[in-house]
Amino acid sequence: MEHVLLSVHVLASIVFVGGSAVAVSLFPRYAPIAVAVPAGTGGADSVGADSEGAEPEVRNRAVAVALHRVTGGYAAFGLIVPLAGIALATLQGRMGEIWITVSMLLTAVAGGLLATQIHPRQREALRAPGDGRALRTLSMLAGVYNLAWAVVVIIMIVRPGSGR
């Protein structure tokens with residue numbers, strides 16, 4: 001049973017947490033912004049080059065909508081990850097170990113950030129595009145979300161205080 005739970009835990013982490021991490025990170029790039037687009041730059045779905053002459057950044061509402069759906073859907077299916085992890089830790093008698101506790105806390109932080117900040121801000125960005133400042137904040141939140149998951153992965157590998 002341990003092998004099944006571990007397999008479910010790891011596969012769900014890769015597919016659902018990884019998928020939501022990618023979607024959260026890409027959303028700000030594609031989300032629409034409300035700015036005037038100079039004539040001849042590709043219409044309403046693109047923004048011209050910035051003042052430093054960088055390549056134009058493509059905005060595509062359909063892609064942003066798809067990323068928003070992936071964020072929410074994969075996050076919901078991602079609940080399998082902590083459930084399988086808790087079941088596995090309980091089966092192994094490791095629930096009291098510090099690395100499990102810290103991982104659970106970081107998972108709760110990441111899930112809370114996604115549910116209370118990232119997903120609602122994505123929805124708002126789709127509903128009422130702004131000037132891009134909100135998307136910069138969303139990018140920062142995506143970074144914190146992904147950092148939390150990166151730390152969880154490191155803790156799962158290193159297992160500090162596990163005695164093994």
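Modeller: What follows starts with the aromatic pairs and then turns to the core and the charged side chains.

The model is predicted, so to speak of local features a pLDDT of at least 70 is needed and side-chain atom pairs count only at pLDDT 80 or more, while totals for chains, interfaces and linings use all residues. Residues are numbered from 1 along each chain as its sequence is written, and side-chain values use heavy atoms, with hydrogens and water left out.

The chain has five helices and two strands, where helices (H or I, at least four residues) and strands (E, at least two) are DSSP runs numbered from the N terminus. Their order from the N terminus is α-β-β-α-α-α-α.

A pair of aromatic rings is described by the distance of the centres and the angle of the planes. Rings of Phe, Tyr and Trp (its six-membered ring) pair if their centres lie within 6.5 Å; planes under 30 degrees apart count as stacked, over 60 as edge-to-face and the rest as tilted. Three aromatic pairs are counted by this rule. In one of them, Phe16 and Tyr74 have ring centres 5.6 Å apart and planes at 85°, so this pair is edge-to-face. The pair links distant parts of the chain, since Phe16 lies in helix H1 (residues 2-30) and Tyr74 in helix H2 (residues 61-77), 58 residues apart. Phe16 is buried at a relative accessible area of 19%, and Tyr74 is partly exposed at 31%; buried means under 20%, exposed over 50% and partly exposed in between (1.4 Å probe, protein chains only).

Phe16 also pairs with Phe77: the ring centres are 5.5 Å apart and the planes at 25°, so this pair is stacked. Here too distant parts of the chain are linked, with Phe16 in H1 and Phe77 in H2, 61 residues apart. Phe16, Tyr74 and Phe77 together form one aromatic cluster.

Another ring, that of Trp99, has Arg159 over its face at 5.8 Å from the ring centre. A charge sits over a ring if NZ of Lys or CZ of Arg is within 6 Å of the ring centre and within 35 degrees of the ring normal.

Next comes the core. A nonpolar core is a set of buried Ala, Val, Leu, Ile, Met, Phe, Trp, Tyr and Cys residues joined through side-chain atoms within 4.5 Å. The largest one has 26 residues, and those with the most contacts inside it include Phe27, Tyr145 and Trp149. H1, H2, helix H4 (98-127) and helix H5 (133-158) each supply at least two residues of this core, and its largest share, eight residues, comes from H5. Leaving aside neighbours within four places in sequence, Trp149 is in contact (heavy atoms within 4.5 Å) with Val17, Thr107 and Ala110.

The charged side chains form three salt bridges in the whole structure, a salt bridge being a side-chain nitrogen of Lys or Arg within 4 Å of a carboxyl oxygen of Asp or Glu. Arg94 and Glu97 meet in one of them at 3.5 Å, N to O. Arg94 is buried at 6% relative accessible area, and Glu97 is buried at 18%. In another, Glu124 and Arg127 have their closest N and O atoms 2.8 Å apart. These two are three residues apart in helix H4, separated by about one helical turn. Glu124 is partly exposed at 36%, whereas Arg127 is exposed at 62%.
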